[in-house]
Amino acid sequence: MRNDKVIQVEALTKQFGDFKAVDHISFHVEKGEIFGFLGANGAGKTTAMRMLTGLSKPSSGKGTVAGFDVLKESERIKERIGYMSQKFSLYEDLTVKENIRFYGGIYGLSKNQIEIKTSQILQELNLSEVGSKLVRSLPLGWKQRLAFAVSMVHDPEIVFLDEPTGGVDPNVRRQFWEAIYQAAELGRTIFVTTHYMDEAEYCDRVSIMVSGKIEALDTPDNLKETFKAESMDEVFLKLAR
Ligand SMILES: Nc1ncnc2c1ncn2[C@@H]1O[C@H](COP(=O)(O)OP(=O)(O)OP(=O)(O)O)[C@@H](O)[C@H]1O
């Protein structure tokens with residue numbers, strides 16, 4: 001892992017009226033890192049992620065994502081990142097191939113690049129046989145893997161995953177995590193929110209957000225040691241209750 005900071009923020013804050021949904025968070029993420037972003041419901045994860053992905057303007061604070069300023073260069077940031085939301089954005093009424101082509105087009109890939117990417121993704125995901133099927137007909141786990149691949153169609157430096165594995169069983173989640181590891185091995189940085197504490201164990205480092213603030217940030221092993229806990233589940237319960 002090289003020591004490049006691909007995300008670096010200082011005192012980043014988002015205020016809705018008098019309420020600070022994100023309250024002066026400061027942290028960095030290194031290139032190729034799998035960074036877990038944890039917190040109970042309503043802790044402020046999605047709000048923070050929206051600021052990091054250029055979808056929402058911070059109320060105060062500063063920082064860079066992929067080398068661009070979160071306050072002034074949100075459009076540049078969007079070009080350099082991938083994003084997979086909780087309700088991932090595949091079109092159910094389009095086929096697998098059509099979805100890949102559509103997003104390739106959105107990200108400005110040439111026709112040729114789109115064709116190459118399409119066969120690459122279908123092959124990597126073992127989806128060649130269902131390329132012409134409607135996304136609607138695929139099992140949820142396949143859709144999640146496809147959405148992840150599509151979020152990287154433009155070779156982004158950082159991929160933001162917002163609870164990417166909701167609703168599928170542990171086996172299917174493990175397969176998804178294999179895909180995450182593969183992407184990280186290629187030097188891609190992964191920023192992932194999850195409610196599953198076994199997934200937190202798979203991350204290089206984990207931050208835990210409580211009421212808009214980052215209350216802890218370290219490797220899973222160090223967090224367990226610091227909080228005298230057997231598992232990340234216990235760490236999370238001690239902090240976020
Ligand atoms: N546009 C908004 N206006 C006012 N309050 C908001 C807005 N967006 C979010 N909030 C509030 O900010 C807080 C943090 O919400 P956020 O969605 O970031 O939490 P979260 O950690 O992502 O939760 P979850 O895990 O449920 O997605 C919540 O109390 C929410 O009600």
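Reader: Over how many bridges do strand E4 and E5 pair in the antiparallel sense?
Author: In this predicted model, strand E4 covers residues 60-65. The antiparallel pairing of E4 and E5 extends over 2 bridges.

Reader: Which strands stand at the edges of the open sheet of 4 strands?
Author: The pairing in this sheet is antiparallel, and the order is E2-E1-E4-E5. An edge strand here has a single partner strand, so one side of it is left without a neighbour in the sheet. The two strands in that position are strand E2 (19-30) and strand E5 (68-69).

Reader: At about what angle to E2 does helix H1 run?
Author: Helix H1 is formed by residues 45-52. This helix lies across strand E1 (5-16), E2 and E4.

Reader: What is the average twist from one strand to the next in the open sheet of 6 strands?
Author: This sheet has mixed pairing and the order E6-E7-E8-E3-E9-E10. Its edge strands, strand E6 (81-84) and strand E10 (213-218), each pair on one side only. From one strand to the next, the twist averages 15°.

Reader: Which residue in E9 is the bridge partner of glycine 36?
Author: Strand E3 (residues 34-39) pairs with strand E9 (residues 205-210) in the parallel sense, over 5 bridges. For glycine 36, the bridge partner in E9 is valine 206.

Reader: What angle does the direction of helix H5 make with that of E6?
Author: Helix H5 (residues 140-151) packs on the sheet, where it touches E6 and strand E7 (158-162). Another helix, H9 (residues 232-240), lies across E3, E9 and E10 and runs at about 25° to E9. For H5 and E6, the angle between directions is about 160°.

Reader: Does valine 130 count as buried, exposed or partly exposed, and why?
Author: Valine 130 is found in the loop between helix H4 (111-124) and H5. Because valine 130 has 18 C-beta neighbours inside 10 Å, it counts as partly exposed.

Reader: How far apart in space are valine 130 and threonine 95, C-alpha to C-alpha?
Author: Leaving aside residues up to four places away in sequence, valine 130 touches Val96 and Leu138. Valine 130 and threonine 95 are 35 residues apart in sequence. Their C-alpha to C-alpha separation in space is 8.5 Å.

Definitions and conventions. Residues are numbered from 1 along each chain as its sequence is written. This is a predicted model: local features need pLDDT of at least 70, side-chain atom pairs count only at pLDDT 80 or more; totals for chains, interfaces and linings use all residues. Two strands pair if DSSP finds at least two bridges between them. Axes are lines fitted to C-alpha atoms, for helices over the stretch in contact, and angles run from 0 to 180 degrees between N-to-C directions. Two residues are in contact if their C-beta atoms, placed from the backbone, lie within 7 Å. A residue is buried if 20 or more other C-beta atoms lie within 10 Å of its own, exposed if 12 or fewer, and partly exposed in between; C-beta atoms are placed from the backbone.
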